[in-house]
Amino acid sequence: MEFKVMKKVLEANDHLAADVRALLQEHGICMFNMISSAGAGKTSLLEKSLPLLKEKYRIGIIEGDLETDRDAMRLKSLELPMVLLNTQGACHLDSQSILNALKELPLNDLDLVFVENVGNLVCPAEFDIGENAKIALFSTPEGEDKPMKYPLLFRQASLLVLNKVDLCPVLDFQKDAFLDDVYKLNPQIDLIECSVKQGLGIDLWIDWLEKKQKDACALGGVR
Amino acid sequence: MPCKPYRLELSPSGKNFFHLGPSFKKNIDKDLLITDELVLAGLNMHEMSLAKNIVQDLLTLMEREKLRCLESATLHVGALRQVEKSMLVFAFESLCKESPIEGTKLLIEYLPCKMHCRGCESTFEVQEQCYICPHCEGIDLEYIQGKELIIESIEGKR
């Protein structure tokens, strides 16, 4: 006997993502979900930009890592409220984990929350965690051919930060081909080129975050 | 499976700021044990997460429909989901072992990406991952199909 069921497989996660959105809205918080491969520079970008951003905004961090507290230790000197999620082998953060983590943060005293997802281009793109924006961070050593191999992330992200652009000449990174592919995949994605190490593009990154936070306010998503 | 949060204490004096979770090879999930072999096979990944969700859903559906056995389940997978069929089937079958749905066949049907262009109101199937309208070069598009991950139907006996 056949039964039509039409059951969405990630429905439970999607419901919890809606709970996360409601919680963020209630507290007037804008949350960014940072996704990249391991080693693209998520932690470095936060290390470089949060000292500037924290002058103006009250910031919390949710740090996702397979194992170890190394990234969290690196960000500790920022003296910002932070929750570490060790996924113990799981390749992404899901809404339930984020919900649990948010409850550990002083939500009444925050404007922005940065989620540093587990280093992975596939799974984190798949799981909605209730964020205001997904941010894809990509670094030039990964090669210009990757967007077409990991289309979902580039489709889902609002912003693409291309890091380590200072290495383009050394790596022979074909930036035009890269940008063509990104444009085909997502013609509406924003792009920032940066070199965290050299401090290039950090101002643009901060501008983008501020604009996103303002947009969220204007939409009533954030007070 | 949600992971447990560990609060990071910011007291400057403390040395051990937070606890680390137990080793990932331990019992990660109370309902579905991921064995060492599977973790070592690198399968605690994308398809494994999806397979876990599918198994849980099927067990729930089986109970809801009062089925005593489940022969097959048909899954609709949108092209954007990046699901590798053989990986998903392997993960699924591994998780089903010694459960009420051991032996259930997982049938996977891929659905191509289809978009609607708000500019010229046309509908097209995405070719070579290009999300630009082939008719008017518009970029204001909406999904008609391509992100599905749905258990479309199940076949079983009451």
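Modeller: In this predicted model, three strands of chain B form an open sheet in the order β5-β4-β6, with antiparallel pairing. The edge strands are β5 (123–125) and β6 (141–145) of chain B, each of which pairs on one side only. From one strand to the next, the twist averages 35 degrees. Strand β4 of chain B, residues 114–117, is joined to β5(B) over 3 bridges in the antiparallel sense. Within these two strands, B:His116 stands opposite B:Thr123 of β5(B).

A second open sheet draws on both chains: its 4 strands follow the order β1(A)-β7(B)-β2(B)-β3(B), and the pairing is mixed. At its edges stand β1 (2–8) of chain A and β3 (105–111) of chain B; each has a single partner strand, so one side of each is left without a neighbour in the sheet. Neighbouring strands here are turned against each other by 20 degrees on average, direction ignored. One parallel pair in this sheet is formed by β2 of chain B, residues 69–78, and β3(B), which share 7 bridges. In that pair, B:Thr74 has B:Leu107 of β3(B) opposite to it.

Helices of chain B pack against these strands. After α2(B) comes B:Lys66, whose phi is positive, near 55 degrees. Helix α3 of chain B, residues 85–96, lies across β2 and β3 of chain B and runs at about 155 degrees to β3(B).

These elements belong to a chain with 3 helices and 7 strands. Along the sequence, chain B follows the pattern β-α-α-β-α-β-β-β-β-β. Of its 158 residues, 49% count as buried. Among contacts in chain B between residues at least 6 apart in sequence, 65% join residues at least 24 apart.

The size of an interface is often given as the accessible area lost when the parts come together. Here, the area buried between chain A and chain B is about 4,800 Å², with carbon and sulfur atoms giving 60% of it. Chain A brings 54 residues to the contact and chain B brings 51 residues. A:Phe3, A:Val9 and A:Gln88 supply 15% of the area that chain A buries against chain B, more than any other three residues.

One further detail concerns chain A. A:Asn120 is found in the loop between β5 (112–116) and α5 (123–126) of chain A. With a relative accessible area of 10%, A:Asn120 is buried, because a residue counts as buried under 20%. The side chain of A:Asn120 reaches the backbone nitrogen of A:Val122 at 2.7 Å.

Conventions
Residues are numbered from 1 along each chain as its sequence is written. Chains are lettered from A and ligands numbered from 1 in the order in which they are written. This is a predicted model: local features need pLDDT of at least 70, side-chain atom pairs count only at pLDDT 80 or more; totals for chains, interfaces and linings use all residues. Side-chain values use heavy atoms; hydrogens and water are left out. Two strands pair if DSSP finds at least two bridges between them. Axes are lines fitted to C-alpha atoms, for helices over the stretch in contact, and angles run from 0 to 180 degrees between N-to-C directions. Contact means heavy atoms within 4.5 Å. Buried means under 20% relative accessible area, exposed over 50%, partly exposed in between (1.4 Å probe, protein chains only). A polar contact is a pair of N or O atoms within 3.5 Å; within protein, one must be able to donate a hydrogen and the other to accept it, and residues adjacent in sequence count only if both atoms are side-chain atoms. Buried area is the accessible area (1.4 Å probe) that two parts lose on being put together, summed over both.
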